[in-house]
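Subject: Structure handover and notes

Dear colleague,

I am passing on the structure we spoke about, with my notes below it. Please look through the model first and then read the notes alongside it.

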Amino acid sequence: MDAALEEASTAMAAGEVPVGAVIVGPAGQLLARSGNRRERDGDPTAHAEILALREAGKRLGTWHLDGCTLYVTVEPCAMCAAACVLARLGCVVWATADPKAGFAGSCGNLLDDPRLNHRVATRSGLRALEAGALLSGFFAKLRDQR
């Protein structure tokens with residue numbers, strides 16, 4: 001989660017919502033890391049999780065990310081949670097909840113939906129205070145600028 005928090009801080013410094021993600025392989029190797037890039041890339045799908053999934057797939061040479069773990073600073077949205085299921089991730093560890101858009105327990109749970117063909121294990125709350133402080137600070141600054 002340390003690396004994910006670093007990615008979130010880097011994203012925030014670039015004017016992005018501070019979300020960071022890393023993917024660790026089955027043997028504990030760091031496969032991918034990214035922060036949000038929606039504003040910089042002009043891409044609505046450039047969430048940290050999506051970018052990390054893409055990088056991990058390229059690095060492994062497959063879209064099957066069985067046994068891999070995604071560490072992300074904020075609960076994944078519906079798009080990112082669905083991508084985790086489709087990538088066959090083994091586990092998603094997220095720091096702070098997103099009660100307005102999170103789909104790993106808050107608004108729904110795509111990671112553990114019995115109707116889908118794969119379920120992803122989850123763990124929440126790891127470094128929640130630090131991740132929450134980054135988000136709160138970012139949005140407070142944004143409100144002050146208006």
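Predicted model: local features only at pLDDT ≥ 70, side-chain atom pairs only at ≥ 80, totals over all residues.

Residues are numbered from 1 along each chain as its sequence is written, and side-chain values use heavy atoms, with hydrogens and water left out.

The pocket

A pocket here is an open set of points on a 1 Å grid over the protein atoms alone, where a 1.4 Å probe fits, with protein on both sides within 12 Å along at least five of seven lines, and lining residues have an atom within 4 Å of a point. The largest pocket has a volume of about 490 Å³, the volume being the space filled by probe spheres set on the points, which are joined across faces, edges and corners. Of its 19 lining residues, Val17, Val74, Asp98, Ala101 and Leu135 are the closest to the centre. Helix H5 (residues 128-145) gives the most to this lining, with three residues; helices (H or I, at least four residues) and strands (E, at least two) are DSSP runs, numbered from the N terminus.

The sheet

Five strands form an open sheet in the order S2-S1-S3-S4-S5, with mixed pairing, where two strands pair if DSSP finds at least two bridges between them. Strand S2 (30-35) and strand S5 (121-124) are the edge strands, each pairing on one side only. S1 and S2 are antiparallel over five bridges, with Ala21 opposite Ser34 in S2; in their hairpin, which has five residues between the strands, Gly28 takes a positive phi near 90°. S1 and S3 also run antiparallel, joined by four bridges, and Ile23 has Leu70 as its bridge partner in S3. By contrast, S3 (residues 69-74) and S4 (residues 91-96) pair in the parallel sense over five bridges, and Thr69 is partnered with Cys91 in S4.

Burial and packing

Buried means under 20% relative accessible area, exposed over 50%, and partly exposed in between (1.4 Å probe, protein chains only). Both faces of S1 are covered, with Gly20, Val22 and Val24 buried on one side and Ala21 and Ile23 on the other. In S4, six of its six residues are buried.

Which residues of H4 are buried? They are Cys80, Ala81, Ala83, Cys84 and Val85, and these buried residues pack against H3, S3 and S4. Ala81 counts as buried because its relative accessibility is 0%. Leaving aside neighbours within four places in sequence, Ala81 is in contact (heavy atoms within 4.5 Å) with Pro76, Phe103, Leu110 and Leu111. H4 is followed by Arg88, whose phi is positive, near 65°.

Glu7, which lies in helix H1 (residues 2-13), counts as buried because its relative accessibility is 16%. Not counting residues up to four places away in sequence, Glu7 touches Val19, Gly20, Ala21, Arg33, Ser34 and Gly35.

Best regards
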